[in-house]
Structures are given as structure tokens and as C-alpha cells.
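Here is a briefing on ring pairs, strand pairing and nonpolar cores. Have the sequence and the 3D view open as you read.

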Amino acid sequence: MSVIAFVFSGQGAQRRGMGLDFAAADPEIARLFHMAETLRPGTLDNLKSEDPGVLKATENTQPGLYLADLAAAIYLQNLGICPSALAGFSLGELPALAFGGAFSREEGFRMVCRRGELMGREAKKSDAGMAAVLRLENGTVEAICREHGVYPVNYNSPGQLVVSGEKAALAAATEAFKAAGGRVMPLAVSGAFHSPYMSKAAEDFGSYLSDKTSVTPIIPVYANATARPYYAPPHLTLASQIDHPVLWEQTVREMSRSGVDTFIEVGVGSTLAKLISKTLPGAAVYSVESPEGAKAVAREVAG
């Protein structure tokens, strides 16, 4: 019998209309979106906006992705697909924790709104960004980062490491990566996330979380910052995640060692599914971002 993990999409995967088809198809998810609009008026308009800049803004991206990720997970669960483990990439860790029972969906939405505001605030303080470096060993990427004042931040899969930094420094580092035989792909994000550029956001988010109530998740949730399940309330780790690297490859390997053999990406796109396939070529990997896709995956996983 398959041991299933849901993995929740992260920032950069956002698209117009994400999650709305789930809300139209499932009353429970419709109530989730109604709650979000009540707490943060304009959230649904942001999801429907034809201006790509609206959803690219961190303060809008994160609440929208939280809803889209949770919507796909809830829909799958309502089809009878129940995961034994959870993980989320960066922003995706919050819907993973909410789904896993660490805090309510409403509390998670409040958290993600505050997180997005703080990270968006810090992003506006510098002309910085992120890029994925492909085809190089981690040690080579790390050495070039040190030479050019940029930071290795997302350890995605073998041969893929994302870096953060000022755009001028990133441009210089990009030439060095290419000279070393690498390929560089800029990411659709608005700041140097998971780096010291976000230290103030991490500090302020930690203060915000200090009086919030959370518990150890009922379903194990693997933390980006440690590649291990949360064994205590998640506040400290959630705050430090903002300005520390995402250990995604390590997380996927750790989940596999614990017995997970089937990974379903929930939310938007198939980025995480592709990374997992590169890390664990023998694993069964799926992605779900629509009700039709969820039904197809549910049929296949259920056998």
C-alpha cells in the first residue's frame, strides 16, 4: 500500500485564478475562500486580476497561494486520499501546517497575510531577486556565491540550487556560474528571500507569532529549515525559515527514508513534482492543481 505525502507549492508558481475552480466545485473550499475575503477584502480580486504584477507582489502572492494549496489538499482529502506526511516549499509550509492541524485554517491565513506583508516590506528596501542555478555541484555554487556576495538559499534537487542577492551582484555571479558550466534561470519573485535580506522580516514575524497558539501537527510536517518533522509548536522554526535556506532536497530524502513512496504536489504547477523526480527517480510523483486533475490522481493512487 502506498505511503502518501502531500507537498504544497511555493512562491513563484502563482497564476491567475489559482484555486478558484476548487472553490466553485466544493462547498467546504468555497467557505475557505469566503473566510479569506472577509479577513482580507480584495483577495479574490487579486486572484482574478489580469495584471501579472498584482500576483507577483509578495503581499498578494502569499495569501493567494495559501488558499490554492489548501484548496487542492482539501479536495483530494474529500476524494478519500489521506496523506501520512506533509511538507511545503517556503510559503507552502504554512498551508501544510494548517492542513496538518498545527493551527486553524483561519489562523494560518492571518499568519500568511502578515508574513507576506513583512517580506514584501523588506523586498522593497533593495533591488534584489533570486535565480536558479542548474548543472553545477552545490560546492561550486556556494563558492561563487561567496565571491560575489550572494547567498545559496534553496537546495532544490541534485544540480539545482537557488541563490538570492542584489541584482547587480546576481548579474556578476550569473556570468561566473555560466563560465563554470552552469545554466541560470531568474525566478518570478520580488525579493531576496531566505537570505539575510529578510532578517528583519523574520524577527518581526517571530514577534507576531509569539502570542499565537499552535500545536504539534497531527500529520507530520517536515520543516524547510531542518528537513525534519515538527515535534513542537512551529513558531520559532516558522520565523527562522524566512531568512534561512530551504533544505528541500534533504527534506524529500528524509521523507523517503521514513517510508514515503508517493508524492502529490498540491496547489499550482508541477515544480515540486519535477524536483522530487530528480531527487528520487523511483518515486511515484503527481501534481494536482484542478478538480479534474485531482480526480484523475485519486483514481490512480487508489488503484
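Two strands pair if DSSP finds at least two bridges between them. Strands (E, at least two residues) and helices (H or I, at least four) are DSSP runs, numbered from the N terminus. This is a predicted model: local features need pLDDT of at least 70, side-chain atom pairs count only at pLDDT 80 or more, and totals for chains, interfaces and linings use all residues. Residues are numbered from 1 along each chain as its sequence is written, and side-chain values use heavy atoms, with hydrogens and water left out.

**Strands**
- β2 (residues 85–88) pairs with β7 (residues 221–222) in the parallel sense, over 2 bridges.
- Alanine 87 stands opposite tyrosine 222 in β7.
- β1 and β2 also run parallel, joined by 4 bridges.
- Alanine 5 has alanine 85 of β2 as its bridge partner.
- Both faces of β2 are covered: Ala85 and Ala87 on one side, and Leu86 and Gly88 on the other, are all buried (under 20% relative accessible area; exposed is over 50%, partly exposed in between; 1.4 Å probe, protein chains only).
- In a regular strand, side chains alternate between the two faces of the sheet.

**Aromatic rings**
- The whole structure holds 7 aromatic pairs (ring centres of Phe, Tyr or Trp, the latter by its six-membered ring, within 6.5 Å; planes under 30 degrees apart are stacked, over 60 edge-to-face, the rest tilted).
- Phenylalanine 6 and phenylalanine 99 form a tilted pair, 5.7 Å centre to centre with 40 degrees between the planes.
- Phenylalanine 6 lies in β1 (residues 4–8) and phenylalanine 99 in α6 (residues 93–100), so this pair ties together parts 93 residues apart in sequence.
- Phenylalanine 6 is buried at 0% relative accessible area; phenylalanine 99 is buried at 10%.
- Tyrosine 66 and phenylalanine 109 are also a tilted pair, at 6.1 Å centre to centre and 55 degrees between the planes.
- Tyrosine 66 sits in α5 (residues 58–78) and phenylalanine 109 in α7 (residues 105–123), so the pair ties together parts 43 residues apart in sequence.
- Ring pairs link Phe6, Phe8 and Phe99 into a cluster.

**Nonpolar cores**
- The largest nonpolar core has 70 residues, and Phe6, Leu76, Phe99, Phe205 and Ile264 touch the most other members (a core is a set of buried Ala, Val, Leu, Ile, Met, Phe, Trp, Tyr and Cys joined through side-chain atoms within 4.5 Å).
- α5 supplies the largest share of this core, 11 residues.
- A second, separate core of 18 residues includes Ala131, Cys145, Val163 and Phe177.
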